[in-house]
Amino acid sequence: MYNKAQRIYEFDGFRLDVNERQLWRDGEPVELYAKAFEMLVVMVENSGRLLTKNDLFTHVWSDQIVEESNLTVNMSAIRKALGERASQPHYVKTISGQGYRFVADVRELNGKSEEFVVESETISRIVIEHEESAVGDRELRVEGASEISNSTLQIEEQITKTRGQIPHSAFRIPRLKIAIVCLILISLGIGGYFLRSALLTKNSGLQIASIKRLTENGKVGTAALSPDGKLFAYSVSEGETRSLWLGHTDGGEPIEIRPPANSIYLSLRFAPDGSSLYYVLSENYQSGALYRIPVFGGVPEKIRDNVRWSITFAPDGKRFAFVRHDEEKNQSSLVISDVQNTSEQIIAKAPTTAGFAPYTPAWSPDGATIAIGAATDNNGYSFKIFTISVADGAMKPLTNQIWNGIRGLTWQNNGNGIIAAVHETSFSTTQLWQVSFPGGETQSLIADLNSYGASLSLPADGSNLLAVQVQEQSNVWVAPADNFAAGKQITFGSFGQNNGWNGIGWMPDGKIMYTKSSDKGVTIWTMNADGSNQKQLIPNGGDSLYPAVTSDGHFVVFQSNRSGMSAIWRADIDGGNLVQLTHDEIAGQPALSPDGRWVVYNSNQTDSGILRRISIEGGEPVRLGEKELSWVGISPDSKSFAAGYQENGKPKLAIASLEDGEIIKTFDVPRLANFRLGIHWTPDGSGMTYRDWANGIWKQELSDGAPTRLQGLPPEKLYGYGWSLDGKQFAYVRGAEISDVVLIRNAK
């Protein structure tokens, strides 16, 4: 689409070579999506001009009907590539409600450029970071979803505008295509709003008219809407730091009310009178404390410790409720406290050991009832919405509808219903449902490829619903084990297709085994190390996760809920002859011993549980020690294992005996250490590696010393990874998680 010869532009330390399709910074190549590169060219060539969203759609997606999420994803990639922070945008300025303006001082070189050396092959992809909070065996994308978050965004009124508005990159749209598009729009009866038919819901409660995007940085963690619906607060993730912001729902520049810091905002709530903002702050996801701050900023006041998730206010603002979990008793309770922190009481206990859904408490408008999600059995894969009487603690189910998980609840202002963020299967997107009260009738509000997290807020008049909307994607990369920086992308799934998100592994013949998501669940595939010859290995049936293969190449081991509960399964190397190895109440996180004899797994529903060892042939499992451990990695000599461990409330890396599970040694870990998806030993057995919530992979030498990051990997959060059996190649998963605040408008 670009026909101008030798177009090269410079601004600050950047050089944009249009013909070579490459962005450079201080002589080094900068990775960028193909469409993000085209968007950057349009903005640079129109530096200083206001470009509407329709301008960018018209000049980058000239003959395609696309969702606004494509624009947001690529704009986030551009900002990341240019090194911008949400608190300090340097080059791309968002003009609220209008579009974008590129504000750098651009110089065109007129085709004359200096020579410089390219020392490595360039890569045409970049990823956007997000983060997640681990609760149970699944990651809840809550705070900045720094571990994964899928956006059908505010629907555009037009898909094209008159050509010729942007002088440097005009083009022609085939008239036939325009006519076809117009006919489609008319036939759908959506009056210029494509895809709106998928969002409209006819019911007696909330009726969705449109979805408006309130932020565009793609890095939002949690958010809340003020009682009058005019303000919203949200946290922003920047690598290992988080900041707190205040915005106006009708537009305007946001206000930073807390600067970036090494802390995590687990939840936000406005006080019922709108004068203050409450937030739960954590250092490492393991604990939390409740703070209060004036809405427009000021000195925070700590209200109380030992609040880990979110709170819900009584209508008068004098009391709040929250979930607390007793680790020793393995018991969840609903606690009510006064805002002065002078008293608290437990009014209800969860019906099963799987507990209450921690982000779900919601106090009714009349003050008489608290709605909450709770597991109906100890497996933690079956949840209902319950109501609890504030007066006497009486607890009863609101509806017979069962979901795999419940992420958030909020009452409608008239008290006649509840909006719920739920997921129907273990790893499905989190969708919005409406539940009537007291009848308990359920109806889906939105069913799309997006996820809607625990941050649900309705203003007092019930006019709009605020939510955090998340889009996620992951793909597999492969690099030489001695040069991680030379990694190449080998899968190219689109948003909603997560390749390797839930585990990857190497097979003895050099192929890669990886998980792949679809509308039928998560299953396991294989491919060559260059991404070719992709084939499904494990048949569909529930979700199949965390694959591993025996070193002799005979068996594949994985976690699956295909039998109705989470268990460890074994299959032949060709995917046939499926055998369920474990029959505990729940089992997951399998790890194979390199000698091929043993499978170690977690036999609890929480992220840290009791470890057991079972023969690859099946039989009776053996308990490994008394300590709660998680995400095992077995040593190359099959004599010991590494695992995540909690010691006095702090995460540790533990080494334990494979014979009896007794802990031999522990190591301190960085603040954002992340053991999920397993601990991996280095090929030479000299140390162990594990992930970080925000940046790369850590290595801990057995000979002590502080952990260090593996060098050469992208400076972002990574997912599954591992070395080939010969130690010569390294596969890893890069993910894109775009998370923003949206306002869902009620048609009533």
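F320 itself lies in strand β21. Helices (H or I, at least four residues) and strands (E, at least two) are DSSP runs, numbered from the N terminus. The model is predicted, so local features need pLDDT of at least 70 and side-chain atom pairs pLDDT 80 or more, while totals for chains, interfaces and linings use all residues. Residues are numbered from 1 along each chain as its sequence is written, and side-chain values use heavy atoms, with hydrogens and water left out.

**Stop 1: around F320**

Stay on F320. The residue is buried, at a relative accessible area of 0%. Buried means under 20% relative accessible area, exposed over 50%, partly exposed in between (1.4 Å probe, protein chains only). Now show what F320 touches beyond four places in sequence: among the residues are L290, I303, R304, I311, V335, I336 and W363. Contact here means heavy atoms within 4.5 Å.

**Stop 2**

Select β20 to β23. They form an open sheet of four strands in the order β20-β21-β22-β23, with antiparallel pairing. Two strands pair if DSSP finds at least two bridges between them. β20 and β23 are the edge strands, each pairing on one side only. Neighbouring strands are turned by 30° against each other on average, direction ignored. Such axes are lines fitted to C-alpha atoms, for helices over the stretch in contact, and angles run from 0 to 180 degrees between N-to-C directions. β21 and β22 are joined antiparallel by eight bridges.

**Stop 3: the cores**

Colour the largest nonpolar core, 35 residues; Y278, L290, I311, F320, L334, F356 and I370 have the most contacts inside it. A nonpolar core is a set of buried Ala, Val, Leu, Ile, Met, Phe, Trp, Tyr and Cys residues joined through side-chain atoms within 4.5 Å. Strands that each supply at least two residues of this core include β16 (264-270), β17 (276-282), β22 (331-338) and β25 (369-375). The largest share, four residues, comes from β21. Then pick V18, L23, V42 and M75: they belong to a second, separate core of 32 residues.

**Stop 4: β24 to β27**

Move on to another open sheet of four strands, ordered β24-β25-β26-β27 and paired antiparallel. β24 (362-363) and β27 (395-397) stand at the edges with a single partner strand each, so one side of each has no neighbour in the sheet. Inside, β25 and β26 pair over seven bridges in the antiparallel sense. Click I372: its bridge partner in β26 is F386.

**Stop 5**

Select strand β48 (residues 650-657). Seven of its eight residues are buried. On one pairing, β47 (residues 640-647) and β48 run antiparallel over eight bridges. E647 stands opposite K650. Two residues separate the strands of this hairpin, and N648 in the turn has a positive phi of about 55°. β48 also pairs antiparallel with β49 (residues 663-668), over five bridges. L653 has F667 as its bridge partner in β49. That hairpin has five residues between the strands, and G661 takes a positive phi near 80°.

**Last stop: T689**

Finish in strand β52 (residues 687-692), at T689. This residue is buried, with a relative accessible area of 0%. Show its side chain with that of Y721: a polar contact of 2.7 Å joins them. A polar contact is a pair of N or O atoms within 3.5 Å; within protein, one must be able to donate a hydrogen and the other to accept it, and residues adjacent in sequence count only if both atoms are side-chain atoms. Beyond four places in sequence, T689 also touches residues including I679, H680, W698, L710 and W723.
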